[in-house]
Amino acid sequence: LLPPRVEWAAGRGLALTANGSVWNWGEGIFGHGDTQIQLLPKKVEAFAGQRVVAVSAGSAHNLAITADGAVFTWGKGETG
């Protein structure tokens with residue numbers, strides 16, 4: 001199993017669990033279909049059925065890589 005990983009950037013947390021699921025919380029865009037503040041970690045359901053192997057949090061975006069090599073990004077999208 002992969003070791004868990006937690007990232008923090010610009011008031012947002014992003015976590016990758018040992019089983020490959022992704023959770024996030026804080027302020028901003030999370031991939032949950034809204035922009036509400038998440039006070040507690042909430043699972044990113046967009047990755048259901050996929051195993052994420054790496055995550056990274058930026059100032060206004062997040063990034064995830066799945067076991068099959070697919071790369072996903074989400075966030076504001078204002079600078080690239």
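Figure 1. A15 counts as buried, because its relative accessibility is 12% (buried is under 20% relative accessible area, exposed over 50%, partly exposed in between, with a 1.4 Å probe and protein chains only). The residue lies in strand β2, residues 12-16 (strands are DSSP runs of E with at least two residues, helices are runs of H or I with at least four, and numbering starts at the N terminus). Apart from neighbours within four places in sequence, A15 is in contact with R5, V6, S21, V22, W23 and W25 (contact means heavy atoms within 4.5 Å). K42 is 27 residues from A15 in sequence, and the C-alpha atoms of the two are 9.7 Å apart. The model is a predicted one, in which local features need pLDDT of at least 70 and side-chain atom pairs count only at pLDDT 80 or more, while totals for chains, interfaces and linings use all residues. Residues are numbered from 1 along each chain as its sequence is written, and side-chain values use heavy atoms, with hydrogens and water left out.

**Figure 2. The four-stranded sheet.** The strands of this open sheet have the order β1-β2-β3-β4, with antiparallel pairing (two strands pair if DSSP finds at least two bridges between them). Each of β1 and β4 (38-43) has a single partner strand and stands at an edge, so one side of each is left without a neighbour in the sheet. On average, neighbouring strands of this sheet are turned by 15° against each other, direction ignored (axes are lines fitted to C-alpha atoms, for helices over the stretch in contact, and angles run from 0 to 180 degrees between N-to-C directions). Three bridges join β3 and β4 in the antiparallel sense. W23 stands opposite K43 in β4.

**Figure 3. The three-stranded sheet.** A further open sheet has the order β5-β6-β7, and its pairing is antiparallel. The edges are held by β5 and β7 (71-75), each with a single partner strand, so one side of each is left without a neighbour in the sheet. Here too, neighbouring strands are turned by 15° against each other on average, direction ignored. Between β5 and strand β6 (residues 61-66) there are five bridges in the antiparallel sense. A57 stands opposite N62 in β6.

**Figure 4. The largest nonpolar core.** This core has 11 residues: A9, L14, L16, V22, V44, F47, V52, V55, A57, A64 and W74 (a nonpolar core is a set of buried Ala, Val, Leu, Ile, Met, Phe, Trp, Tyr and Cys residues joined through side-chain atoms within 4.5 Å). Two or more residues come from each of the elements β2 and β5 (52-57). With three residues, β5 gives the most to this core.

**Figure 5. Aromatic pairs.** Three aromatic pairs are found in a search of the whole structure (rings of Phe, Tyr and Trp, the last by its six-membered ring, pair if their centres lie within 6.5 Å; planes under 30 degrees apart count as stacked, over 60 as edge-to-face and the rest as tilted). W8 and W25 form a tilted pair, 6.4 Å centre to centre with 45° between the planes. The pair links distant parts of the chain, 17 residues apart: W8 is in strand β1 (residues 5-9) and W25 in strand β3 (residues 22-26). W8 counts as exposed, because its relative accessibility is 55%. One aromatic cluster is formed by F47, F72 and W74.
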